[in-house]
Protein chains: 2
Amino acid sequence: MPHEIGEKICGRVEELAAISEDPAKLTRIFLTPEQRRASELVMSWMQAAAMATRLDAIGNVIGRYEGAWPGLPALVLGSHLDTVRDAGKYDGMLGVVTAIACVEALASEGMRLPFAIEVIGFADEEGVRFGTTMLGSRAVAGTFDPDCLGRRDADGFSMAEALRTFGLDPGGIAAAARRRTDILAYVELHIEQGPVLETLGLPVGFVTSISGANRVEVTITGEAGHAGTVPMAERKDALTAAAQCVLAVESRCRAEPDCVGTVGSLQVSPGAINVIPGQVRFSIDLRAAEDARRRRVTAQLLAEIAAVAADRKLRAESRVIHELAAAPCVPWLVAQVERAILAEGIAPFGLSSGAGHDGMAMMEIADIGMIFVRCARGISHHPDESVTVEDAEIGARVLLCFIKDFEPKGAL
Amino acid sequence: MPHEIGEKICGRVEELAAISEDPAKLTRIFLTPEQRRASELVMSWMQAAAMATRLDAIGNVIGRYEGAWPGLPALVLGSHLDTVRDAGKYDGMLGVVTAIACVEALASEGMRLPFAIEVIGFADEEGVRFGTTMLGSRAVAGTFDPDCLGRRDADGFSMAEALRTFGLDPGGIAAAARRRTDILAYVELHIEQGPVLETLGLPVGFVTSISGANRVEVTITGEAGHAGTVPMAERKDALTAAAQCVLAVESRCRAEPDCVGTVGSLQVSPGAINVIPGQVRFSIDLRAAEDARRRRVTAQLLAEIAAVAADRKLRAESRVIHELAAAPCVPWLVAQVERAILAEGIAPFGLSSGAGHDGMAMMEIADIGMIFVRCARGISHHPDESVTVEDAEIGARVLLCFIKDFEPKGAL
């Protein structure tokens, strides 16, 4: 079976990946000459798919394929066109390119639907340049924070300056916001960035929720001491206490469905081979598909850390430094994505997304749904990120099937 | 009850502590002008105690108080005169000053014993300057490694150059070695540097053994991954594995008498909040009074680390980077130290020394014994290191009692 659409999608992914500030690796940052070149390339594809194109005030690329008559509310598809540094080729781009390929298929059939389709290539999702994420989708959702315009990049340029240099008007960003009544739904196809589909042998899956997240900073303070002279029973070792906490995070999250917890950063002080650790700082990254679960697990872990410290007569300070609510995919949309997967002869499998996506911003003005495509070994944000032509083809077929059968909420 | 000897000892400890390369904190390093000044001061006290004094070829200060007739074999007392950086005042110095005070007491009574007494203030025990410890006592024991002469300090001076600058002849170090037949025993009084005596409410204790030590370097390699997208069951988290190992060190060593184990250094890679740790390196410092126990516990821990890694499908590499045999205090000497403690009305309590001492070198040419004096909160190698005048007095009384009643091995 040939994979014409898959080949086209992967070819375009390669073309986009060639647009990088560094020829040796893929890095495409917000409001750079590379963004401009990528935007122009994407717009040319959109135009070839019979879409009207424009850049909005934050630099998002928007292509519109009218429905049965002009001006209908739109099913919005999309993903982002920016990358992390030394990125993979599929994160973001696959969703934009696949959506365009689907519209192209409709256009080649001359098919017009009872709704418009818009494909958005968001200008910034990763937040590499200004340290704040989803600038593109926030502008569309009307939740862009104008204070961000004063943020500066590593070279000292403010976001406002960067926008102007790019040819955009910082004062126009508010006008990039869309109305809820203009959007029937937001659906994003994206690589899974995790190993679940691969493990199950499934090319695609539907997303049930984009997980919410907590970040917690913990400091455990004991008493440094001579590694030779302080008997085990008299120690106030901050690291053995921290080790208990690390294992508590693991065992609690193992026991909860759709919940992951990670201690990714841990520093030991003073950190000498022959000195009992007097202080340990570590981070907890906790994510769950359901906010209530995330809050409960976070509270349980904070209590457990306090208990470990009290038991060992140490001090523990825990501080939640970041909290992001989950973005649930709505059942009526999820049901239609499931149907499309099943129509392609694939067992519909639902999973939550542990990574953040533009849907988290778009949910402010639209119900959201997501399709995940299998990627190799769960690797993402890395040059080894990879998707097969076959899976790209299947992703496109599922998305096209979804579009063709899409029924807006009111229509059900 | 007045504490004349204790006052004198503590006064002299303060005088020595004033000799520092940094007026704000005590730092007295091998072969520096401060060593010279400290040596001269100590020799003046020795001379006031009717001792003949000399510097040997490595810079040790040696005072000799003849016995009933000249040239008798000697009971050697001593400790070290060098310090770590930003040191306490008692570590080392207390032993030298107390030994001199005891000889002074004998001299003031005109008492001559059937053996000579030598007090040695070792020039280097801490090894701060050249990164190798116990240079002074190794020279006396005849185990000084001449290759050390080529070692360079942080300023690029070799040890040979530093010796010459100090006025010593590197070629003469071999001649600093003493013969076993000239030494009846080596007995050192030292602060405990741990909290055991304080916890028990005892001013002094006898040492049963200077613990041997292993240092192990462990690297656990798993797989880094996205903290949000990799389900708990599919992770290869190097830090949760390391946490199990940290707790294994603690629980094994808690279960063994006279054994301590410490993970003092632990580095997480890549170390980002939102990335599952792919690799963790950590150190284990393991010490035990008995070499057989230390070797067994080390082997058990290495096996346990390997099992933790295998269980989690990670790789673990463990490497013993340092091994030092225990220096047991010999029973005939220990018995005499115990008797002296009891004679002062104190319950004799034996403990092992987790810290290293000059006895580890001296045991090559003499049976060794040690007396520990209580220090506040177990703090050492720190300006807060402290010993009360009362405890200094008791330490001196015990040492004096030991000296007066000392019976060489052959005499028993």
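**A close look at B:Glu118**

Modeller: Setting aside neighbours within four places in sequence, B:Glu118 is in contact with B:Ile62, B:Gly63, B:Arg64, B:Ala74, B:Leu75, B:Val76, B:Leu77 and B:Arg178. Contact means heavy atoms within 4.5 Å. This is a predicted model, in which local features need pLDDT of at least 70 and side-chain atom pairs count only at pLDDT 80 or more, while totals for chains, interfaces and linings use all residues. Residues are numbered from 1 along each chain as its sequence is written, chains are lettered from A and ligands numbered from 1 in the order in which they are written, and side-chain values use heavy atoms, leaving out hydrogens and water.

B:Glu118 sits in strand β4 of chain B. Helices (H or I, at least four residues) and strands (E, at least two) are DSSP runs, numbered from the N terminus. B:Glu118 is buried, at 2% relative accessible area. Buried means under 20% relative accessible area, exposed over 50%, and partly exposed in between (1.4 Å probe, protein chains only).

Follow the chain out of that strand. B:Met134 lies in the loop between β4 (116–122) and α4 (135–141) of chain B. Its phi is near 55 degrees, a positive value in a residue other than glycine. B:Met134 is buried too, with a relative accessible area of 7%.

Now turn to the other chain. A:Glu304 belongs to helix α8 (residues 291–311) of chain A. A:Glu304 counts as partly exposed, at 26% relative accessibility. Beyond its neighbours within four places in sequence, A:Glu304 is in contact with A:Ala248 and A:Arg252.

How do the two chains relate? A rotation of 180 degrees, with 0.1 Å of shift along its axis, superposes chain A on chain B (RMSD 0.1 Å). The two copies are thus related as by a two-fold rotation axis. In chain A, the C-alpha nearest the axis is that of A:Ala243, 2.2 Å from it. The same surface serves both copies: 100% of the contact residues of chain A recur in chain B. The superposition is by least squares on the C-alpha atoms of residues with pLDDT of at least 70 in both copies.

Next, the cavities. A cavity is a set of points, on a 1 Å grid over the protein atoms alone, where a 1.4 Å probe fits but cannot get out; lining residues have an atom within 4 Å of a point. Grid points are joined across faces, edges and corners, and a volume is the space filled by probe spheres set on the points. The count is four cavities of 30 Å³ or more.

The largest cavity has a volume of about 50 Å³. Residues of both chains line it, among them A:Val246, A:Val249, A:Glu250, B:Met232 and B:Arg235. α7 (238–254) and β9 (259–262) of chain A each supply at least two lining residues. α7(A) gives the most, with three. By class, this lining has four nonpolar, three polar and three charged residues. Ala, Val, Leu, Ile, Met, Phe, Trp, Tyr, Cys and Pro count as nonpolar, Asp, Glu, Lys and Arg as charged, and the others, Gly among them, as polar.

The second largest cavity has a volume of about 40 Å³. Its lining includes B:Arg28, B:Phe30, B:Leu81 and B:Ala123. Here the classes are five nonpolar, two polar and two charged residues.

Some backbone details come next. The peptide bond from A:Ser269 to A:Pro270 is cis, with omega near 5 degrees. A:Pro270 is in the loop between β10 (266–269) and β11 (275–276) of chain A. In chain B, a cis peptide bond joins B:Ser269 and B:Pro270, with omega about 5 degrees. A:His381 has a positive phi of about 55 degrees, although it is not a glycine. It lies in the loop between β16 (368–373) and α11 (389–405) of chain A. At 34% relative accessibility, A:His381 is partly exposed.

For B:Cys10, the nearest cysteine sulfur is that of B:Cys375, 13 Å away. B:Cys10 is buried, at 9% relative accessible area. The sulfur of B:Cys329 is 17 Å from the closest cysteine sulfur, in B:Cys375, too far for a bond. B:Cys329 is buried as well, at 7%.

Methods
1 Å grid on protein atoms, 1.4 Å probe; cavity = no way out; pocket = protein on both sides within 12 Å on 5 of 7 lines; lining within 4 Å. Disulfide = S-S within 2.5 Å.
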